[in-house]
Structures are given as C-alpha cells and as structure tokens.
Amino acid sequence: MQKIQVKPGAKLNDYKAYGSLYSLVLNFLEQTKDAIASIEGKTIWMINSTAIGGGVAEMLPSQMRILRELGVSIEWLVIEAKEDAFFDLTKRIHNAIHGSGDGKFTEADREVYEAVNKQNLTKALELINDGDIVVVHDPQPMPLAAMIKKIKKVPIIWRCHIGLEEDTEVTDSVWKFLSLYTDDYDHFIFSLPAYVPKSLKSKTSIIPPAIDPLSHKNRALQLHKSIGILYQSGITDDHEAILYHRYNHLVRRILPDGSFGPPNQTSKLNLIYRPFVTEISRWDRLKGFKELMDAFIKMKKDNLKHGDPESLEYKRIKMTLLVMGGPDPAFVSDDPEGQEVLRELTEAYQELDRDMQNDIAILLLPLDNPKENALIVNALQRASSIIVQNSIQEGFGLTATEGMWKRKPLLVSAAAGLKFQVEHRKTGLINEDPTDIESLSKALAYMLNHPKERDKWGFNGQSRVIQNFTLFSQLISWLEVFAKVKEHA
C-alpha cells in the first residue's frame, strides 16, 4: 500500500477570483464550519486502487487541498496488487455492478480478493489511528473494512462510484458476493439513488461526483495554449512558434494497417481547421465507442447519398471529423479487456475505405504524465464542436460534466449518470438508446447543423455545472457525512 503525496494547487482565493464561483466558495465556507469543527483531531483516510486515471484519482487531490487549507487532516492510500487474477476479478465485479457479464463468482475468486487486500493491511494499520475516519472507494479494497476493524476502532465508509438503475440476475449475483463485506461499513455513499441496493438504503447518502474547475483538465486555456498543447502532444504538426518543447511521449493514432503511429503520418487530421466530434473514455464496451463510430459512418454515407453538395449542411458534415480517445496501452498493463476492445475497434477501422479512415481518428493518449494527459484532454474538448458520451452503462460520466463546464453541447445516452446531468434540448441531446445507430446518426447530424442551438446548450451547460457539480457542493456533502459517522468509532 502506498501513501500518495498531493502536490500544491489552487487555493480558495483562486476560486473566489472567478465571478461565477465566488458565491459558491462563500456558501461552502459558511455551511461547513460546524462539520469541520466536529472532526478536529481526526484524520480522514481515503483508500482506492489507483493514483492515476479514473474519476476517483482525479477528484481526490483537489478535495484534499481544499480540506487541508481549512485545517482538516486528510490522507490518501492506494492498494497495491501484482496478481493478474485480482485485476480480472475486480473488472468482472465492476462489469457486473453495471449489469454486464455472467455474474458468476466463486470461493476461489473470494480467496484472491481477500488475499490481495490482506497484503495491503499492515501498512494501513501502521498509519490509521483509533478515532480516525476511513473511506474505501469502489470494490477493489472493499474487504479491508473487516480487517481494519479487528484492530482499530474507526468508522468506515464505502463510496461506490458505479451502479445500474435496475436489478438484474447479474447485479443480484455481484451484490450477493459483496454482501459478506457490507456489514463492516458504518455508512455508504452512492452517486445516484437508483444505484443503491435495497439492503443498504437505510445507511446511504447520495453524493454525485464533481469536477474541479481549476484543475489541469478543466482550467481555462487561451487559444494559443490549446493549439500549443495539441502540437506538444503530437496531434497537430503545423506549428511554428511554441513556448514549450514537445512532450516526451506523444499521442499515437491507429493507422490504416492497424499499427500505432503519429496522428498525421498517413493523412493530415487538420484538427483545428474542421468541426469534430469527440468521445474520450477508457477502452470499454460499455462506453459505446463502436456504436458511435457506426453512427458517424452512417451520417457521412447518408450525407453523400441524400445531401445537396452545394449546401452548407452538406459541406459541414463532409468536413466533420470523429475523434475517439482513450489510454495508450503502452501505459496500461492491468486492463486486458481494454486492449481487447481497442483491438476490436482497430479491426473495424481497418475495414473502412481510406476516405472514411481519414475522417476518423482513434487516438491513444499517453499516461506517463498526469498533467500532460489532463491538458491534452482539455485542449481536445475545448476544440470540439460536440462532446459525446455514448455509454451503454455509466456510473456518472465526468466527461459530460467536463464538457458542460467548457460550454460544449453534449450528446449522451440515457445511461443514468448521464441523463441525471444533461437536460434534453437545454444543455444538449439525450439519445435514449446508444445502440440505435439510426437515431444516434440523426442526432449527430442535427447538432452539427444547428450551431446556434449548440452555443445555447453549451452556455446552459456551464451554468448547470456551477450550480450542481463542482467540488464545493460535493465537499459540503462529504463533511456532513464525516460529522455524522464520527460517533461510530
């Protein structure tokens, strides 16, 4: 188990300097006085499975910096595992909570699950003191609660970032597998009410995820900075004046022969000169990448077949590029399913004719430097005409939140976390079925050819994020839970 060091970052005065955030900060400070006083002398221990990538790892540093500025003692631990069987199991658990997979779990699975967590226990016990508050994030470290409580008198919270709106045989099976560990938790936190298993409802709070508006992924970027990042990362080539050198590891693109290479090796993306549609996520079948690609191809073909070549609408769709971005497999050793999904997308891409290949960019984003990765995502999102999250299932979908903060119109599926955020025809469009290629294709074409509506939806989206999905609203809820559970020690 590793203790993660959080680097310095934005302070409360930095947020207050933004007019749109000023009242949020004042409200936060006023509402949290009593809760902060009630946990004085205690340390909050956040435990998850990774310090890089994913919503938890993105949200924690900003939350910790703000709480520390207010005098709260808070630390971050990450469990370590080398066993492939553990990663395979926790991925199956993750998928099953989303209702995917066969939902079958064995005692051999349980042995692997508990053994890895037991290997991480010694370090946790060295650091955690009686009376502290422990928060365990997601399924990977879930068995730790019982192990810690045998030695330490601490309240422990389980924070689940994923879920499915309805109960199925698969979800029933995975919750049965995990039920052996739930009795050792004093409180539970889920992102949406629909995700909470019936057996846990009486001890559960709802806290939607949120973004840090001043993080590298979300901070404002001037035009020259955005273009500079796209050049530094290798996405664009045509740049003469630049303040910084290129990154050590550049973005790679799937090439027509299925290999990985520079984004402009076989055809120029001309990214900053044309409209483009973007989805950025991990390589996961539940993210709906293949369906989005099929819908984009259909839109292009329908435009060629039925459009008027002299019309602006025809020309706009003809020029449009699809960008699908995800982690470069060179930096991810523990996600065999992700590599399989990427391989499937690559094979589908190879079957396309060359003109269509030139209009689709499957980009592999390096993960060696979290700041650079965040800036690449930021620059891509800010340059996009439309941000898509076509998830089959989605726990919440911070990519949608990020897009709205950047005043970008959203096209999302009706997965619970997404329709909770996006207001149909107010901040974007909700395409109910992410596998309905015809409907998705029409939604793309409509949004591309209604730029004034896109502008309106983008403006409304940022307002919605400010009101509901910043780290300040989230921290108010967290501190209320800490104040509530402290008596369980």
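Let's start with the rings: there are 15 aromatic pairs here, where Phe, Tyr and Trp rings (the six-membered one for Trp) pair if their centres lie within 6.5 Å, with planes under 30 degrees apart called stacked, over 60 edge-to-face and the rest tilted. Keep in mind that this is a predicted model, so local features need pLDDT of at least 70 and side-chain atom pairs pLDDT 80 or more, while totals for chains, interfaces and linings use all residues. Numbering runs from 1 along each chain as its sequence is written, and side-chain values use heavy atoms, leaving out hydrogens and water.

**Aromatic rings**

- Phe 86 and Phe 87 are an edge-to-face pair, because their planes stand at 70° with ring centres 5.9 Å apart.
- Phe 86 is buried at 2% relative accessible area, while Phe 87 is partly exposed at 22% (buried is under 20%, exposed over 50%, partly exposed in between, using a 1.4 Å probe and protein chains only).
- Phe 105, Tyr 113, Phe 177 and Tyr 181 are joined by ring pairs into a cluster.

**Charges over rings**

- Phe 177 also has the charged end of Arg 110 over its ring, 4.3 Å from the centre (the cut-offs are NZ of Lys or CZ of Arg within 6 Å of the ring centre and within 35 degrees of the ring normal).
- Over on Tyr 446, Arg 425 lies across the ring face at 5.0 Å from the centre.

**Helix packing**

- Helices α16 (residues 398–405) and α19 (residues 451–468) pack at about 115°, their axes 7 Å apart; axes are lines fitted to C-alpha atoms over the stretch in contact, with angles from 0 to 180 degrees between N-to-C directions.
- Helices here are DSSP runs (H or I, at least four residues), as are strands (E, at least two), numbered from the N terminus.
- From α16 come Thr 401, Met 404 and Trp 405, and from α19 Gly 458, Gly 461, Gln 462, Val 465 and Ile 466, contact meaning heavy atoms within 4.5 Å.
- Those contact residues split into 4 nonpolar, 4 polar and no charged (Ala, Val, Leu, Ile, Met, Phe, Trp, Tyr, Cys and Pro are nonpolar, Asp, Glu, Lys and Arg charged, and the others, Gly among them, polar).

**Positive phi**

- Most residues other than glycine have a negative phi.
- Asp 138 has a positive phi, near 65°; this residue is in the loop between β4 (133–137) and α8 (144–149) and is buried at 14% relative accessibility.
- Arg 407, not a glycine either, has a positive phi of about 60°; Arg 407 sits in the loop between α16 and β14 (410–413) and is partly exposed at 43%.
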